[in-house]
Amino acid sequence: MAEFIEFYKRRRYHEGIGNLTPADVDYGRREEILQRRKEQKQCTVLRRIEYHLGRRQTQIAGELGPGTAA
């Protein structure tokens, strides 16, 4: 039983508390974790936008091809 309680409180994420573990909430790490996730998400979104914009510009330039009048 102790092994299950350890898993449930320290390793199992709970959707009802923001996909955190009860231990994260109990020890006051909730806001820090949620802030870090928010920052990581913002960075990921920006990287994806930059990546896709770069691919789009390459595709447009490739469609025109060399020597093609724009």
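**Aromatic pair**

I looked for aromatic pairs in this predicted model and found one, counting rings of Phe, Tyr and Trp (its six-membered ring) as a pair if their centres lie within 6.5 Å. The pair is formed by F4 and Y8, with 5.8 Å centre to centre and 35 degrees between the planes, and I noted it as tilted because planes under 30 degrees apart count as stacked, over 60 as edge-to-face and the rest as tilted. Both F4 and Y8 lie in helix α1, four residues apart, which is about one turn of the helix; helices here are DSSP runs (H or I, at least four residues), numbered from the N terminus. I then looked up accessibility, where buried means under 20% relative accessible area, exposed over 50% and partly exposed in between (1.4 Å probe, protein chains only). F4 is partly exposed at 48%, and Y8 is partly exposed at 36%.

**How the values were taken**

I number residues from 1 along each chain as its sequence is written, and side-chain values use heavy atoms, with hydrogens and water left out. Local features need pLDDT of at least 70 and side-chain atom pairs count only at pLDDT 80 or more, while totals for chains, interfaces and linings use all residues.

**Salt bridges**

How many salt bridges does the structure hold? I found five, a salt bridge being a side-chain nitrogen of Lys or Arg within 4 Å of a carboxyl oxygen of Asp or Glu.

I looked up R10 and E6, whose closest N and O atoms are 3.4 Å apart in a salt bridge. These two residues are four residues apart in helix α1 (residues 2-10), and so are separated by about one helical turn. R10 is partly exposed at 40% relative accessibility, and E6 is partly exposed at 39%.

Next I turned to K9 and D26, whose side chains meet in a salt bridge at 2.8 Å, N to O. This pair links distant parts of the chain, since K9 belongs to helix α1 and D26 to helix α2 (residues 22-26), 17 residues apart. K9 is partly exposed at 34% relative accessibility, whereas D26 counts as exposed at 52%.

I also recorded the salt bridge between E31 and R30, at 3.1 Å from N to O. E31 counts as exposed at 52% relative accessibility, while R30 is partly exposed at 33%.

**Backbone at N19**

Finally, I checked N19, which has a positive phi of about 55 degrees although it is not a glycine. N19 lies in the loop between α1 and α2, and N19 is partly exposed, with a relative accessible area of 41%.
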